[in-house]
Amino acid sequence: LDIPIKIYKGHTSAVLSLAWAPTGREFVTGSYDKTVRIFSLKEGTAREVYHTKRMQRVHTVQYTADNKFIITGSDDSNLRLWKAMASEQLGQLNAREERSMNYRSALVQRYKHLPEVKKIHRARKVPRAIRNETKQAIIQKESAEKKQANRVKYDRKGKYEFTPERKKVVVKEVN
């Protein structure tokens, strides 16, 4: 592979661990930024973001065999158990609750193209420190892209050329 097929974004620090779901349709990552994120193969952003105030850097993540839970291990010597689907209720549901959940999910699927519904569905609460790091990273990336664009634009000798983001990601190929 010369270029990556898809780039998944969201973490502000290094990703220390990755585990595939038993279904093979999504994966979970644990990061130095003290968050656990679940990514779908189709989307480049996280479907769920998990964090707690006391959790430190996440060194290991793993799905359970039934794909209902995620187990994480962090620097604070704790193992934590997270639901793979945050909105899913645990335990037996009665008929009324099941109909209600099916109705809500059908509404989300029906109106997911509307900007208001999309914004509510994608909104994730993350700690202020991570939100600020994300903003800072975006500013740094934009300024680096602007600087590179100016180099390409005003270079007389042809020393600089535009390289797409997917080409920048591959650091080294291992045989």
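Okay, let's start with a pair of side chains: Arg47 and Glu48 meet in a salt bridge, 3.9 Å from N to O. By salt bridge I mean a side-chain nitrogen of Lys or Arg within 4 Å of a carboxyl oxygen of Asp or Glu. Both Arg47 and Glu48 are buried, and here buried means under 20% relative accessible area, exposed is over 50%, and partly exposed is in between, with a 1.4 Å probe and protein chains only.

Quick caveat: this is a predicted model, where local features need pLDDT of at least 70, side-chain atom pairs count only at pLDDT 80 or more, and totals for chains, interfaces and linings use all residues. Residues are numbered from 1 along each chain as its sequence is written, and side-chain values use heavy atoms, with hydrogens and water left out.

Back to Arg47. Arg47 also forms a salt bridge with Glu26, and there the closest N and O atoms are 3.1 Å apart. Arg47 sits in strand β4 and Glu26 in strand β2, so this pair ties together parts 21 residues apart in sequence. Strands, by the way, are DSSP runs of E, at least two residues, and helices are runs of H or I, at least four, all numbered from the N terminus. Arg47 has a relative accessible area of 17%, and Glu26 comes in at 13%, so it counts as buried. Put together, Glu26, Arg47 and Glu48 are linked in a network of salt bridges.

So what joins β2 to β3, and how do they run? Five bridges, and the two run antiparallel. Strands pair if DSSP finds at least two bridges between them. β2 and β3 form a hairpin with four residues between them, and Lys34 in the turn has a positive phi of about 70°.

Last one: Asp75 and Arg57 meet in a salt bridge at 2.9 Å, N to O. Asp75 is in the loop between β6 and β7 and Arg57 in the loop between β4 and β5, so they tie together parts 18 residues apart in sequence. Asp75, at 35%, is partly exposed, and Arg57, at 26%, is partly exposed.
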